[in-house]
Amino acid sequence: MSRIGVFVCHCGLNIAKTVRVSELAEFARTLPDVVVAEDYKFMCSTPGQELIQNDIRKHNLDRVIVAACSPLMHERTFRKVIENAGLNQYLLSIVNVREQDSWVTEDEDVATTKAKALINGAVFRARLLQPLVSRFIDVNPDVMVVGGGIAGIQAALELADTGKKVYLVERSPTIGGHMAQFDKTFPTLDCSACILTPKMDAVLQSSNIELLTYCEVEEVKGFVGNFDIKIRQKARYVDHDKCNACLACTEKCPGRGVSEWDEGLVKRKAIYIPFPQAVPQKPVIDRENCTFFKKGKCRLCEKVCEQEAIDFEQKDTFREVKVGAVILATGYDLMDTKPLIQYGYGKLPGVHHALELERLFNSAGPTSGKVVMRDGKTEPQSIAILHCIGSRDKNNHEYCSRVCCMYSLKFAHLLKEKTHGDVYQLYIDMRAPGKGYEEFYNRLVEEDVKFIRGKAARVTDKTDNPDHAGKLIVEVEDTLTSQFVTIPVDMVVLSPAMKPRQDAKDMARLFNLSTDKYGFFMERHPKLAPLSTMTDGVFIAGACQSPKDIPDSVSQGTGAAAEALTIVVKDKMELEAATAIVNSAACCGCQNCVRVCPYGAPMFNYEKNVSEINEALCKGCGLCAASCPASAIITRHFTNDQVMAEMEGLMEF
Amino acid sequence: MLKKIALEKLGDLVSALMEKGPLYAPVKGEKAVDFQEITNPADVILDFYNTAMSPKFAFFPQSEDLIRYRLGKEATESEAVSLDAKPSVILGVRPCDAKSFEIMDRHFLGAGIIDPYWNDKREKTTIIGYAFDPSTAADPADFYNTLGISASDTAGSDIFMIRTDKHLLFKGITEKGDRLLKELSVLEAGSKTDEKTFEDKAKKGGEVKTRFMEIQDKAVAGKLVQVFNNKEFWEKATAACISCGACTFVCPTCYCFDISDETLFRDGVRKRFWDACMFTDFTLEASGHNPRPRIFQRYRQKVCHKYSYHVDKYGCISCVGCGRCTRSCPVNIDIYSIIESASKL
Amino acid sequence: MQNPYIPMPVEVTKIVTEVETNDIKTFRLNFVNKEDEENFKYLPGQFAELSILGKGESPIGIASSPTQPGYIEFTVQRAGTLVTGIVTTALHDLDVGARIGVRGPLGNSWPIEFLEGKNVVVVGGGFAFTTLRSLIHYMLHKDNRPRFGDISVVYGARTPGLLCYKEELAAWEKRKDIKMHVTVDKGDANWKGREGFVPTVCKEVGPSPENAVTVICGPPIMIRFTLPVFFELGFAKENILTSLEMRMKCGVGKCGRCNVGHKYVCKDGPVFSFAELDKLPRDF
Amino acid sequence: MTAMKKIEENLRKEAKRLLEGGEVSVVLAYGRGYDENHPMPFAARTVEDVDSLVFNEYCTFNLARYLPKYPPKTKIAVAVKAADSRAVVQLIQEEKVRREDLVILGIPVTGMKDQKTGEVIDNKTTCNMANPVLYDILLGDEIHGFKGGSPYDVLAELEGMDHDARMAFWKKEFEKCIRCFACRKACPMCYCDPCFMDASRPRWADKSPTPDGHLMYHLTRFYHLAGRCIDCGECSRACPVDIPLYLFHKKLAKECEDMFQQAAGMKIEDKPAMVNYGNQDSDEMLK
Amino acid sequence: MDFEPKILGIACNWCTYTGADLAGTTRLKYPQNVRTVRVMCSSRINPSFIIRAFQLGADGVLVGGCHPGDCHYGTGNLYARRKLAVTKKILEFAGMEPKRFRVEWISASEGKKYAEVVEEFTNDVKALGPQTKFKIRKD
């Protein structure tokens, strides 16, 4: 019979406080086939691990059960532990007595009873566990980074530095992302462009980075170590190989489009580079606004191009890229504040959103760095910055967008510097938890910025007060004084929520990721694996996971690069062994497995009239097994008899 | 010894028998009549042709516990199920079925090893045979005449029962039967006239005709050995067979069983229970090899077993012509027709 | 009356892993009750049902010889690969000290009386050597050896690592009263013995049919190719014996599944001569 | 001449033609049994066999059941009534037979009778359709204007019961089960061999005939037939102890039609419902 | 003593099991009647598991998976939904109270929902009393 060891972890008091751990071990000792059962303060600690390993050797154990935290937390740890003691790692069963027991009740009896049932289930299952041998596959050493914002750039550069080939995929014509739009960065107030553009240039210069701008991920096949990704190169209508970046075309072009970089505050040409420091420094044609595409004639750009790089016939092209790992750094969208009609954005010209203001500050911006009203000349004498627009708001985005407090302070400082006007900060709470942030806040308090604690209720241009005529009236309840106040200002700046990219769900689907309830990509574990995802080999960095500031995004970019490296640094990698296999003696040839498998792993062998599973493609979900009427499919580690036995154990007591 | 009871007093007899121990008798179900352990004397009916299931279950239940066990920490505790059948009576067994017990005895009690489970119940049970009604035509599926059994054959019965217009007549056939008859005070002694009636009726039973062919045990056994390798014949004869186990489960002389341990949580039972040679996995070996993977092979095994192997081993055909297999076959395969055409080959 | 369905308790006292693939083990069992041991009178070639309550029973040939009193031995191969046999897997999981059950001895045996005074050629392949081992031990016992003529053995396995009873084979090699021909299909670096398939070796050895009987156990394919060799050598079918395998349950000729014609392999067999098998329908 | 006689005549005529012309190597139809009321499924392979073909109101067998056992590319003519033709369609959907290997002899008929009881089975134990949904040759005249209620009318009583009463009903029925497996063996859609019930790991249900095992066996089998059962009623007719399995199958067929907007065996191009999902699927179905 | 139902939970690894963990990490309190089997995907659930659970004496069975469209394996739970829907119909027609079987889509971020569902389901099952219809009785 099996020789099972049961190890009950106290997890300090986390488990021991509500579960009577010694009673649990005692109970385990009464179960058939359990040879040894012990409890210990921290099973995951070195002495705890040694305890398990010693018992394996001493009692010649062939199955190990650890009653501790969730398997999602430490299954891998304990697998290693038993493997190092000479047991196959799959002969382990984890009983979750913390997350799903001790932490969710205060009643000791209830918690202990449940823990006993869970352990009994594990014992029933453990008897049937089979050693599994992992398969090894070759790993493609290249990495793809999707998103050319600061997080993606950072990740790409770090990887390139280690000598790895990186494909950096960016959907817009340039890399740089939102950071390229900023003027200064908080709290140090160094110039955004000054720190970003060298990095962008480094990307361009790196021989290890293949920059794929104006490209999108179309299809993802394969699996960790061997992704097969189809990239759509959107038609630029400019042959970048020929183009020498003289930009003569952009001067002559009569077409006009909205400048994305300038947040629509000004127009740009139809053939354009997004901004002067764009990388690559090569233009694309915006088909919608191109006179030729609209009216059928013009072709001025073609005429001025000495390189004959203009190609109106260009079509979208596709290429397949094979990589071993992927980093997603697809960033965020700023919330559209128009629907929040109480703030009047889009209706009241004096209302701006944060990124617009960034552009006004920027010397390369539409106003050459002058802060003026939309008329282009009037300098605002009073400005209100409204925090938490759409953030921390049950009706919009429940979460805090994390960066608005700080950039609003930055705005206040810059406004003070540039306009000498009155600056009001309307905030709910001032959140300044980063390095140097609190100090920055204190500095602003001293800069005569008016802080009003309260969330703006409304912005209006209607007033009975003749003094306020022509002003924007911000209505707010000052929660410190509990007084309703109205503030007449010239300009209102909204700090809108950062939200997931509009197409984040599609991206998630492409890469088989989960998204959280807001639509941000879900990390494998919020603490221990914040950059990993549920899909092996796909990592996330930056604001695509949740709102982040630049330092955090950069750290994550670096971190994700390190994570990706752990995969591509190896020639071969171990695949999960818990895949499905067909017991051909029982297969009835119904082909249900072939019909349902999302990965195309089962194939029908018409000669033998049975299905066969390609284990390299199998992800071990078990859908085929549940669809097999003859129960001919064995989903290793979750076989029918293992699941049924566990159920039996769970229901015995 | 001849005894009798008025038809309307059947209930009294049933009650008296129930006092002796468990009584199995025909009961009308929703559609079919079957033997059941009687709890209410009024349930017993005697107006029936034959039961859907054979009465073999009384000695060879569909499922029978051999050992009960409890998986323990140190050792498995186990206990053999004790053989303590209560003395019981089966009332209303048709002559062909009564005959089947004799055939089954040769197997379960023969060849040097006595099956204790069969023996225990068999010893303690008294069988009251019941003549077919000579005024009713035999079912077209029946062919007990072929096996030398008449509608009022007393072989295999301890007591034989014949129904007249007003009475049930009981004749003791064996010592065991006589003993029981004596003990049943509800019965009246039969008169000379009754004896005469019994004899007449019994004789009349001989006139009930089922399907019939001349058949000699040894000859048919030899014939089937000859035909064994005629694959074409067997394939054609069994082409419709769907290899379910209906024929074997209703058969009074099929005795194949399986043994299996069944555990829930940690308590379990080792059981034996009916199995059927028609099932694919009947002979499937752990290695995956199956000596009889095809339907015709399994059907051939069934026919040859009854009409050939059993003759070689135990000296008689293991079939009583009760017609149940034919009647219950979902596709109307008729063993009689197969034997008939095999004989003509 | 002994209930033939109720196993006798035995204790596992020794476990030997026979082959490098770990799927064949020999279990030594000691009777818990003295009277059971006395009642368990067997001859080589017989088998018994090994019983593990909760798992079931499995019919296994007795690998020890009655000349080895005090215990009985069974060599068990774990059945199946993807879906492993429940009983044999459970047996393989046993530790020394475990208690299981035994029902038997069951079936007929190698016909000892028939073999007496004759030369015996023992031919075995792979795991099916178990009851032949019993027979060899039996014949080699000093009390029995004079009753038999020459004893020669051809035993083969696919690789050296798959040979069972390696120590005994070595010991027999050293004896003068038995001629051993151990062969493997394919040797390895350490293999100094013979290479070749069993039928070929039988041909090479070329035993005389004169007053000789051959007993053959092995995989069907081996038997298929070895039989013609013995026919060619002039062995009559009556003098070629084998042990049949069929799915069995009761082991006492009642459950009805192991018949070949009118013979129940579990009761009337498992040992048959090819002359007897010829008379039975080809249904195995 | 009665409609049935005419069908029999056409059946023989077409069978003869197909076998003679070598278009098919076997004609699956009905042959004589041990008496008139007990015909048998019959596979005619030669012209001489054709004389043995019969058709009458007791030819209830669903011959689609025999199709999967033939090796691929065997040319087969198969006689099908309405429900039987649905079985053929379902088998084609499931790629157990190929349309191009079949010559489907359609039998438009009503008034078929149960061999045991002599009762007309139309909408009671079968799907109450008169005309085959797919055929190459029609052996009788298409039937128009046949009504006789919904095939699901028979469910009313059980559906009207409360849960306890329904449990009691099925418990009583399942207890009769003798595990002869005639139901699964007669079923044209139960082509698994071995069946899940034969598996040793795990043993889904007790191998011995326990009521608990019966429950597991039948419920799981109902599940396996959900969305695939074409309501021919063979399981129930095959049952030697008369368990009305058809009631459960009908109920699930009805529910599946409601939930998945697809009835089993109606269109060759459908994908089997239980190995599929639809855009219109909603969580309502879990309520 | 109050009747404390035994409920079998079957949760998919990626969403519901993780969601249940989240309920723990955030220290939500809810009834402890559910004993969970972790499977990789709700589509792994063979309807026979559910029948078996009731036979083993479960008073209720709670199945949890990712929200449709969010399956870690893409489409697994869409198949699962059909399977489980039919299972529910089978249980109901066999006479099992439908309230004893519940399927919920609970994402990894919905620890709160997990706790709420468990609480509600436990109460529902409690109100129905012990399940005896499928439970195997050994006597």
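Mentor: One thing to settle before we start: two residues are in contact if their C-beta atoms, placed from the backbone, lie within 7 Å. Also keep in mind that this is a predicted model.
Trainee: Okay, then what is D:Val78 in contact with, leaving aside its neighbours within four places in sequence?
Mentor: On the leucine side there are D:Leu28, D:Leu63, D:Leu67, D:Leu102 and D:Leu105, and then D:Ala64, D:Val88 and D:Ile104.
Trainee: And which residues touch the most other members of the largest nonpolar core?
Mentor: D:Val78 is one of them, together with A:Ile65, A:Val66, A:Ala67 and A:Ile327, in a core of 511 residues. The largest share of that core comes from helix H3 of chain E, residues 76–94, with 10 residues.
Trainee: What does the second, separate core include?
Mentor: That one has 48 residues, among them C:Val121, C:Ala128, C:Leu163 and C:Val184.
Trainee: Nice. How is chain D split into domains?
Mentor: The domain assignment gives domain 1 as 3–138 and domain 2 as 153–281. Their C-alpha centres lie 24 Å apart. The contact takes 25 residues from domain 1 and 24 residues from domain 2.
Trainee: Which helix gives the most to the domain 1 side?
Mentor: H2 of chain D does, with 9 residues. Both H2 (82–93) and H3 of chain D supply at least two residues there. By class, that side has 10 nonpolar, 7 polar and 8 charged residues.
Trainee: Switching topic: how many residues does the contact take from chain E and from chain A?
Mentor: It takes 42 residues from chain E and 42 residues from chain A. On the chain E side, helix H1 (16–25), strand E2 (34–39), helix H2 (47–55) and H3 each supply at least two residues. H1 of chain E gives the most, with 6 residues.
Trainee: And how do the residues on that chain E side divide by class?
Mentor: They come out as 18 nonpolar, 14 polar and 10 charged.
Trainee: Last one: how far apart are the centres of domain 1 and domain 4 of chain A?
Mentor: 55 Å, taken over C-alpha atoms. In the domain assignment, domain 1 of chain A is 4–134 and domain 4 is 333–499.

Technical notes
Residues numbered from 1 in each chain as written. Chains lettered and ligands numbered in written order. Predicted model: local features only at pLDDT ≥ 70, side-chain atom pairs only at ≥ 80, totals over all residues. Domains from an automatic or database assignment. Core = buried A, V, L, I, M, F, W, Y, C linked by C-beta atoms within 7 Å. Buried ≥ 20, exposed ≤ 12 C-beta atoms within 10 Å, placed from the backbone. Helix = DSSP H or I, 4+ residues; strand = E, 2+ residues; numbered from the N terminus. Nonpolar A, V, L, I, M, F, W, Y, C, P; charged D, E, K, R; others polar.
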